[in-house]
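This report covers a helix pair, a pocket and a cavity, in that order.

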Amino acid sequence: MMKLEFGEFLAAPECKVVIVACPDVFRTEAGLRHGKFSSEYRELSAVIVLDPTDMAKIEVKDSDLVEVLGEEGVVIVRVKESEKEHPGIGYVPEGAWANVLGAGPASAKVRRSQQGIAAIEDVYHR
Amino acid sequence: MMVCTGCALLCDDIEVGENDCRHACRIGDAHITSTNQIDPMVNRSPVDMDTAIKSAAEILVSAEKLVFVGFGNLVTEAQATGIELAEKVGAEIKTFHTGIFDDILDGRVKTCTLPEVRDYADIIIFLGCDPMNTHPRLLSRYAYYPRGEKRQHGWEEDRTAITIDPRFSHTASICKDSYVIDPHRQIEFMDALMDALLSKVPKTAYDKKRILKLAGTLKKAEFGVIFAGTGAAAPPRDAIIRLMDRLNESSDFRLLSLAPGYNLRSIAEQLRQLHSRPTDDCDVVDSDSNSGGSNGGDGGIDLHKADCILCLGFDLMNSLPAHGINGKLIVIDPNETLTSRYADVVIPCAAGGIDAAGSAVRMDGEPIELPLIRESGRLSDVAILKRLLEVV
């Protein structure tokens, strides 16, 4: 019989944020230098910059993975702790990951995730 | 000296060696040295160029709701050929982010050249844009750091740069002042600033004292410049124009657009000329999207309903929330993109200003010749579009 861990069926805490897509010169560079299907581009694209208070609400720390549930889709991205205060706003680099969530500024829910960051081909379907 | 087509600054001081690329920014260096090229493909299988062009022509001829998107990363000559092709096959042209160029070209707002910014600008506003991440050399070549003819003390004393943006951006971190605005309350901020410019206490939840201070700074400008972004982070275009009108009641401000693509101003100019033709009976419609909405335009054919989309130097899927594209996709691009991965036909072309010569128009309207950096044997975008024009 499979052993269940404590809290396995408890929903991860969520917080609501407005997603703002932002340019990132390093991401643009990675896309040109390594290609848009490279791991370098993915690591710099699948990111959300969150305010520390929002991170505390969903019990995540810097570099943890979170699920972002947008108006039009869901993505798994890595959390980056913001140096500036901006509660309720999540900054995501411009590009496919941000686009999956909907036209900006889009409303979204964020919660902790156990899944890994998907390849761009799996994020974006035609 | 070479010209970099990594962005609309078209930096003309680039030196390309065997193994290095001097003076270029991160984007420019990666753009010039990129080896991420694609092969001609039909239905995601490699083919020769002739087959790819023939397949593209067949799709173009049989489609009824055709849309051409992009144009911002094509040389001027290719844009002209693309317009001819659109006229011939009855396609709609969608150029994104050209709205502010239209306002400038129509004379609705004052503008200036980048050397004028360098020589005369004392107050510089970065509105809904982050040039440190999109046009990395703007501040060092023109907008902030250099000594200009009337600004010999440069940024230390002669210039005040301010950001107004939904994020405390990298550009904000080096400016003297920054205003972080709520992404859903951008118009409220703009209206408050316009009230403050009339010396009224604004009715707003934003910090009134700071907005009055900002208005006081702007009113003192001898030569003010607003660099406006064109994406979702920027205030709506009509709010920017209203702010410009209010500023110019008491001061002297000019507007420049910081849009993606190295040659977007040129396509805006060409389409404006096309529509001002006295006997304009063509079907070409240009629809611009300031917000990058999901249907990719304020009017015309919804991209979801198009039965064929020709992407010209434009990574549609990486640029718009373009879910549910159902029509055939044709891509003409120098590099592999997310869109090319899903396209029905992929036609690789030489990159303007790298392995294809041509001309372009800088973001401030200055025509620039783009010499060849290296030979590659790839067909230019002009040559490909001309071949399509011959067979459709």
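## Contact between two helices of chain B

In this predicted model, α10(B) meets α11(B) through B:Phe189, B:Ala192, B:Leu193, B:Ala196 and B:Leu197 on the α10(B) side, and through B:Ile211, B:Leu212, B:Leu214, B:Ala215, B:Leu218 and B:Lys219 on the α11(B) side. By class, these contact residues comprise 10 nonpolar, no polar and 1 charged.

Helix α10 of chain B spans residues 186-197 and helix α11 of chain B spans residues 208-219; their axes come within 8 Å and cross at roughly 60°. The two helices, α10(B) and α11(B), are therefore oblique to each other. The crossing of α10(B) past α11(B) is right-handed.

## The largest pocket

The largest pocket holds about 740 Å³ of space. It is lined by 28 residues, and those closest to its centre are A:Val49, A:Lys80, B:Arg167, B:Phe168 and B:His170.

Elements giving two or more residues to this lining are α2 (39-45), β2 (47-50), β4 (74-81) and β5 (89-93) of chain A, together with α9 (170-174) of chain B. The largest share, 4 residues, comes from β4(A). Sorted by class, the lining of the largest pocket has 12 nonpolar, 7 polar and 9 charged residues.

## Cavities

Across the whole structure, a search finds 5 cavities of 30 Å³ or more. The second largest cavity contains about 80 Å³ of space.

Residues lining the second largest cavity are B:His31, B:Ser34, B:Gln37, B:Pro334, B:Asn335, B:Ala351, B:Ile354, B:Asp355, B:Arg374 and B:Arg378. This lining divides into 3 nonpolar, 4 polar and 3 charged residues.

Conventions: Residues are numbered from 1 along each chain as its sequence is written. Chains are lettered from A and ligands numbered from 1 in the order in which they are written. This is a predicted model: local features need pLDDT of at least 70, side-chain atom pairs count only at pLDDT 80 or more; totals for chains, interfaces and linings use all residues. Side-chain values use heavy atoms; hydrogens and water are left out. On a 1 Å grid over the protein atoms alone, a cavity is a set of points where a 1.4 Å probe fits but cannot get out, and a pocket is an open set with protein on both sides within 12 Å along at least five of seven lines; lining residues have an atom within 4 Å of a point. Grid points are joined across faces, edges and corners, and a volume is the space filled by probe spheres set on the points. Ala, Val, Leu, Ile, Met, Phe, Trp, Tyr, Cys and Pro count as nonpolar, Asp, Glu, Lys and Arg as charged, and the others, Gly among them, as polar. Axes are lines fitted to C-alpha atoms, for helices over the stretch in contact, and angles run from 0 to 180 degrees between N-to-C directions. Angles under 35 degrees count as roughly parallel, over 145 as roughly antiparallel, 65 to 115 as roughly perpendicular and the rest as oblique. A crossing is left-handed if the near helix is turned anticlockwise from the far one by less than a right angle, and right-handed if clockwise. Contact means heavy atoms within 4.5 Å.
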